[in-house]
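Here is a short report for a reader new to this structure.

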Amino acid sequence: MKKIMPLMPFIIFILLGIVFYLSIGRDPTLVANNLVGKDFPDFQLESLAFEDQESRPYSLQGLQRALPEGQPWILNVWGSWCPQCYVEHPFITALSDAGVALVGMNYKDETAKGQGFLKKMGNPYQIILQDMEGSLGLDLGVSGAPETYLVSPQGEILARHAGVLDKAVWDQKFAKLWQDNNGHQLFSRQSEATEEQGAE
Amino acid sequence: MLAEIAQILLLVTAVILGTFSAISLASFGGIIPSLQGVTRQMLRPAAYGQWFLMMTSFVILISLFIGHDYSISYVASNSNSMLPWYYQISAVWGGHEGSLLLWVTILATWYALVVRFSETLPEELLCLVAGVLAGVQTGFLAFILVTSDPFASLPLPTPMDGNDLNPLLQDIGLILHPPLLYMGYVGMSVAFAFAIAGLIHGGIGSAWARWTRPWTLYAWAFLTVGIALGSWWAYYELGWGGWWFWDPVENASLMPWLAATGLIHSLAVTDKRGVLKAWTLFLAILAFSLSLLGTFLVRSGVLTSVHAFAADPSRGIFILGLLGVVIGGSLLLFGFRAHLVESKVGIRLASRETGLLVNNILLCTATFIILMGTLYPLFEEMMGLTQSSVGAPYFNAMFTPLSLAMLALLAVGPRLNWKRHEGKAALKMLSIALIAGAVIGAAVWFMTGWHLMMIVTFILVAAVVWSIGTDIRHQIRNASSMLAGLSRLKPHYWGMHIAHTGLAVMVIGVVCVSYLSTEEDMLMTVGESYSVGDYQVTLEAVNDIHGPNYRSSQGVVTFELNGQSTTLKPEKRFYIAREAIMTEVAMDVGLFGDLYVALGDARNDTQWTVRVHDKPMIRWVWGGALLIAFGGVWASFDRRYRANKELKQGAAA
């Protein structure tokens, strides 16, 4: 026993090493956060002025009032500094075209750069919140951009996806929850969805 | 051109250090003793040469940034011609590749300093220490050259401008934070190298501990300041009153700190009494291993966090292999040789040694708890459960009782004598303290109605301060005057008490912030008063102000407490040209607390939403941390660690 004890740290290290080895290469963005199933946190944020939208403060209540009643909605976290946000943008636009209520959260960005991004890429969002300091981001457990949240009409966070949102992820993680929560039919014409995918 | 030179310099350094490390470990490790002469000759040229080469390549990277050389991939993706010059320099360590180069450059510096300032060390031990450092350095240079070359160029055509530095990192706190933290992380390599050299060479005892102590104290002080700076940054940059979030990256810096704190205490025992050697060696290996984990694992994509840089599996595998060799190898060496170093001297139950042993156990437990909490998502994933991250509630629940136990130990431990303490006297002292504490605590609870946890902590802090005071009085009891007595006390003694006082200060801050903070969002009518915590808060007026390029609504908010009043003026600015609204928070920063006011939106002409934070004693958290670090540095000035000419014989024997 006396001879085994000093070897214990080594044995523990080897076990940890195996865990690490098996964890390498897994998509780190899959780490779920424990906010799914909880209520969307309250916040006080300014919105981003863009074209006909003026900058004004929003709280959770104010946001919900401004969105279509009884419908689930999407919060999409993005930033002009985030390369994948450019990649994901066409699909976000497709969702918007399909009539999904989209809230953008411009994350740790600058107002002018955020506006430049939308000018270049188009604005799919009904409301664009600005989270310059990442305060709502922290409450939500945002690990980076892009990240997307599906929120029920009652304000419950139904699903979260970290990383680029595309049709496959939507079908797998969001589509059923969307329908179960009174979301209207999306992508009814199969061709339209494929077309949008092609555009990416 | 410059970039290619730097690449060659890195390669040359890796080859020199690899060779030196191999012959040093082989010759003094007893495999090829004939190479000892060569090792001795190479020792100094290799140490200073590698420092020169590493500094040169680091300066080259800085100059590439300042020269806007966007043909270099790393520069192009982390800088921009519009970036102010100071951010162009800090952008050097803004990404994975550059922060690795900073890491090895700092290691090169520690390595050169150790060789330069260890004339009194027996040369064979110094050769081994240098050999270990060179080996670690070689490994990470290889990592840079194979997977993370900051000097790699982009295919033509060269981009017109760079991608810009992540805006998150454009901040003064983040210019200083990584270098300080790295000084701490990397500095642990010195204690680690001493531990490995000691395990190979033998002769671990008082002299060995005395050589290791100052290096460990410096690194530990850097780590302390680095962590405190990170916490302060999170507080003012994120701006809603938190100072510690139990984020994986924060945990990754706290773990080596806890292990290193154990190490400096354990080193004291090995120095003074020549026992707990295996503990000391283990903690030295642990502190450096956790530093490596802190710097690299978090960046390999195994653990994600807001701070994590890149997720690249090939890097992950390389890092894991490297960590396997460095940490696994040293733990294996420890496993087989640790029982050889421990002296047969036992320690008595009532003694300073026992107190410090318990301290080691408590700190290791704390480290283990954080390690498990941080890695929990990985375990859960392995078992096929749904992933969830373990949040602050877990850490707070586990950490609070440990902290209380440590405080209690701190009140008693330093008062215990080395070797043996008169058991009865200790028991008597303890029971008086317990009864007095309980009585005072009950009285305070009855009068203030504070949270019980707060009162218990305050009593313990009071006991710690009282114990420090009595100890100093006891030490100077025979001096002719108080001043004469105080001036005769040694730096390592002062250092200990300064650092412990720092901890007491920090605990007061933590407890007050945790239990007495107020955060409220209110709808306020102009002219009316509201009570927030102990304050009477009044929104006196909201004035329209015209700035150079903005219009602003400026709130005038007064805080009244016991007849003293403070006025803060938060603003809501509308920048005309950019059509943007910015919230200017007003803060009153004070020794006994911060007040924070932000003006929300107007409901009508007289009603405004206002966010008010009252953070009592928050500055004490960082002030305490600085005191702790200062204590460590002060202790290292002790002549005990300098005048060891005579010890050279002691170690050789």
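Helices here are DSSP runs of H or I with at least four residues, numbered from the N terminus. The model is predicted.

**A buried helix**

Helix α7 of chain B covers residues 172-201. Its 30 residues reach 45 Å from first C-alpha to last, close to the 44 Å expected at 1.5 Å a residue. Of these 30 residues, 21 are buried, so α7(B) is largely enclosed by the rest of the structure. Just after α7(B) comes G202(B), with a positive phi of about 85°.

**A helix crossing**

Two other helices of chain B meet: α1, residues 2-28, and α6, residues 123-147. Their axes come within 7 Å and cross at roughly 140°. The crossing of α1(B) and α6(B) is left-handed. The residues in this contact divide by class as follows.

| Class in the α1(B)–α6(B) contact | Count |
|---|---|
| Nonpolar | 15 residues |
| Polar | 8 residues |
| Charged | 1 residue |

**Nonpolar cores**

Which residues have the most contacts inside the largest nonpolar core? They are Y111(B), V129(B), A191(B), A284(B) and A287(B), in a core of 165 residues. Helix α8 of chain B, residues 206-238, gives the largest share of this core, 17 residues. V129(B) touches V114(B), A193(B), F194(B) and A197(B), leaving aside residues up to four places away in sequence.

Technical notes. Residues are numbered from 1 along each chain as its sequence is written. Chains are lettered from A and ligands numbered from 1 in the order in which they are written. This is a predicted model: local features need pLDDT of at least 70, side-chain atom pairs count only at pLDDT 80 or more; totals for chains, interfaces and linings use all residues. The expected span of a helix is 1.5 Å times one less than its number of residues. A residue is buried if 20 or more other C-beta atoms lie within 10 Å of its own, exposed if 12 or fewer, and partly exposed in between; C-beta atoms are placed from the backbone. Axes are lines fitted to C-alpha atoms, for helices over the stretch in contact, and angles run from 0 to 180 degrees between N-to-C directions. A crossing is left-handed if the near helix is turned anticlockwise from the far one by less than a right angle, and right-handed if clockwise. Ala, Val, Leu, Ile, Met, Phe, Trp, Tyr, Cys and Pro count as nonpolar, Asp, Glu, Lys and Arg as charged, and the others, Gly among them, as polar. A nonpolar core is a set of buried Ala, Val, Leu, Ile, Met, Phe, Trp, Tyr and Cys residues joined through C-beta atoms within 7 Å. Two residues are in contact if their C-beta atoms, placed from the backbone, lie within 7 Å.
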